[in-house]
Amino acid sequence: MSITMTERAAEHVRKSLVHRGKGEGLRLGVRTSGCSGKAYVLEFADSIQPDDQVFEHHGVKVIVDQKSLAFLDGTELDYGKEGLNEGFKFTNPNVKGECGCGESFTV
Amino acid sequence: MALLQISEPGQSTAPHLHRLAVGIDLGTTNSLVASVRSGIADTLADGEGRHLLPSVVRYLKGADPVVGDVALAAAADDPLNTIASVKRIMGRGIDDVKTLGGTLPYEFAPGESGMPRICTAAGLYSPVEVSAEILRSLKRRAEASLGGDLSGVVITVPAYFDDSQRQATKDAGRLAGLPVLRLLNEPTAAAVAYGLDRKAEGVFAIYDLGGGTFDISILRLNRGVFEVLATAGDSALGGDDMDHAIADWMLRQAGVGVSGDPHGARRALRDARAAKHVLSQSAQAAVCVTRPDGSVWHGTLARAEFDALVNPIIERTVAPCRRVMRDAAITAADISEVVLVGGSTRMPRVRERAATIFCRTPLTDIDPDRVVAIGAAIQADILIGNKPSDEMLLLDVIPLSLGIEIMGGMVEKIIARNSTIPIAKAQDFTTFKDGQTAMAIHVVQGDRELVSDCRSLARFELRGIPPMVAGAGRIRVTFQIDADGLLSVSAQEQTSGAASSVVVKPSYGLSDAEIERMLRDSIVHAREDNDARNLREQQVDADRVVAALESALAADGDALLSAAERLEIEHKLSLLRSVRDGTDVACIRDGIDTLDRATREFAARRMDAGIRKALSGHRLDEFG
């Protein structure tokens, strides 16, 4: 079971955490919602729970709870630009279908 | 594939329901838009990486207007259709604009309700429409950068903007299709950008030296609310003046007359600005001037020479700073932080001067061009609900005045609209009738003069006032609004201590549209409201005189007046009664004056009788 993150994404998370002034790392998760069943959760993590799994890439901690990990195993997190817009992108091998914009998905 | 941002813990939104919020600094010279993404607030750039959008709109015949750098480039060739500095005339009437006329090259035509309109090749445009064009451009940039429709926008305005200037700014936002959450004072936005709102309390000086204007504001933070203690400034002082001073020096050094050729002067101005930017980093800058005969002068502008050129301009900021501290009744020692805003504060000399005026090293970490937009973005992010509620800012004001009903169905306003909350204000009222033992307190909301045109919020009674003659009772009515907008009203009779109170939530149940309608009515009906108030005041005065005279006649009429005198007074009394119900204010006033003259002798006799009664039974030496 693993989750990876590109250096560009890690750099951006590190910058955000420094700016925010607190936080253990980045929490990734999956919850049931959205037009295609599941949606990603991307939040700052202020604490690590006992059932969390922690991955470290380029010096940044990625924290995932056990339940979400089943849907995220093998995911790579990247940061990119599309025109003027920029943000984090998920490449998740578990996804069987996505809504048009990719914000929610089915597994 | 969607591009996602990092949320605060527990604040993730459902897909497609991201609450995109931006802050907009709608400036005189330049405008910016900023947003908080993955916890970082920063300004948004256009496709070419430019953050500043020149606040310039050029209207073209038969085509859409252009905004920003493209419009600015055309300003020299097409001055009448290229509108710059429109902020200076926002919310101003046509008469104000005429007095500003010398500085603005446009042709104005009066519009409806005295609002000026600017004549352009594409037709007439109001300042609100021109501003909306700038906002529309920023909106497009923000939507492209954030990948969706905006849910909330905070626009900044100068602290000294009055109601009509603020309303005009809000109208421009609505016209541009922006969901305006709130207007925020520029100095407050700068303080928020530096996180000063997270301190418990403090007094801050915001020194804002831009391209063409200088503003100095003193803010006080108290329990999460910024209050503007005082503002001062100079609407014709800024970096442009420095550019002119340097350009003049360059032309003098090159032996070229300043007024010689306009093209050369414009080029010199551009080079002067470049030299100024270099000197913010380096000790000297290379400059050159091409003379009309084609020969080129090369020179060096050293920091010392540069400082000598710009010093007189920087010194002009000192007097407003001193004045603003005096107006705010503080000294430099009371100021806990100094924030620098505006591109000109990048200059080391300006920073030094600001530090010596306020005896404190100013905050300079955030780009002074962007700091206001960044503060607005942070505020917008909080207001739209992307932060946990314990970080909620309280910067709030009451939308409509609050007051109580007084005799004659009039409103006495106790807390003026736009007051920041929390707030407490008290006013003393008096009894109207002899022996009055109770007072009904009717709490109303609105900016009209008559109770019937305002909204009734609550009624309560103060009982247990000791019997006294009319006007002797002192009832202190206190209005208090806490940080959540909850209003409590209490009334206390000062001699007996009898007290009563009620709690209401004033903004409850009022939509923005209703508040707006009530405000608009108060402006539309200002004159008739004023007339109605004058009439009611005279009627109340007449009632008071009639009641006082009736009780005096009943007590002493027989003893102190002859039958003829009494008949005369009663005749004048009935005259006043008959005009009292009319609508002629002057007639009622005359009636009161006539009765007053007719009863002067009676009043004097009553006073003598009163003194005799008080003195009788006492020996003279008791009063020695």
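In chain A of this predicted model, residues 24 or more positions apart make up 57% of the contacts with a separation of 6 or more. Chain A has 107 residues, and 36% of them count as buried. Its secondary structure consists of two helices and nine strands. Read from the N terminus, these elements come in the order β-α-β-β-β-β-α-β-β-β-β.

Chain A also touches chain B, and that contact draws on 29 residues from chain A and 22 residues from chain B. On the chain B side, the largest share comes from helix α3 (residues 127-146) of chain B, which puts in four residues. Sorted by class, the chain B side that touches chain A splits into eleven nonpolar, nine polar and two charged residues.

Within chain B, a pair of helices is worth a look. Helix α5 (residues 186-193) of chain B and helix α11 (residues 371-383) of chain B have axes that come within 7 Å and cross at roughly 75°. With a crossing angle between 65 and 115 degrees counting as roughly perpendicular, α5(B) therefore sits roughly perpendicular to α11(B). From α5(B), the residues that meet α11(B) are B:Glu186, B:Ala189, B:Ala190, B:Ala191, B:Val192 and B:Ala193. Across from them, α11(B) brings in B:Val371, B:Val372, B:Ile374, B:Gly375, B:Ala376, B:Ile378 and B:Gln379. By class, this contact of α5(B) with α11(B) has ten nonpolar, two polar and one charged residues.

Methods: Residues are numbered from 1 along each chain as its sequence is written. Chains are lettered from A and ligands numbered from 1 in the order in which they are written. This is a predicted model: local features need pLDDT of at least 70, side-chain atom pairs count only at pLDDT 80 or more; totals for chains, interfaces and linings use all residues. Axes are lines fitted to C-alpha atoms, for helices over the stretch in contact, and angles run from 0 to 180 degrees between N-to-C directions. Angles under 35 degrees count as roughly parallel, over 145 as roughly antiparallel, 65 to 115 as roughly perpendicular and the rest as oblique. Two residues are in contact if their C-beta atoms, placed from the backbone, lie within 7 Å. Ala, Val, Leu, Ile, Met, Phe, Trp, Tyr, Cys and Pro count as nonpolar, Asp, Glu, Lys and Arg as charged, and the others, Gly among them, as polar. A residue is buried if 20 or more other C-beta atoms lie within 10 Å of its own, exposed if 12 or fewer, and partly exposed in between; C-beta atoms are placed from the backbone.
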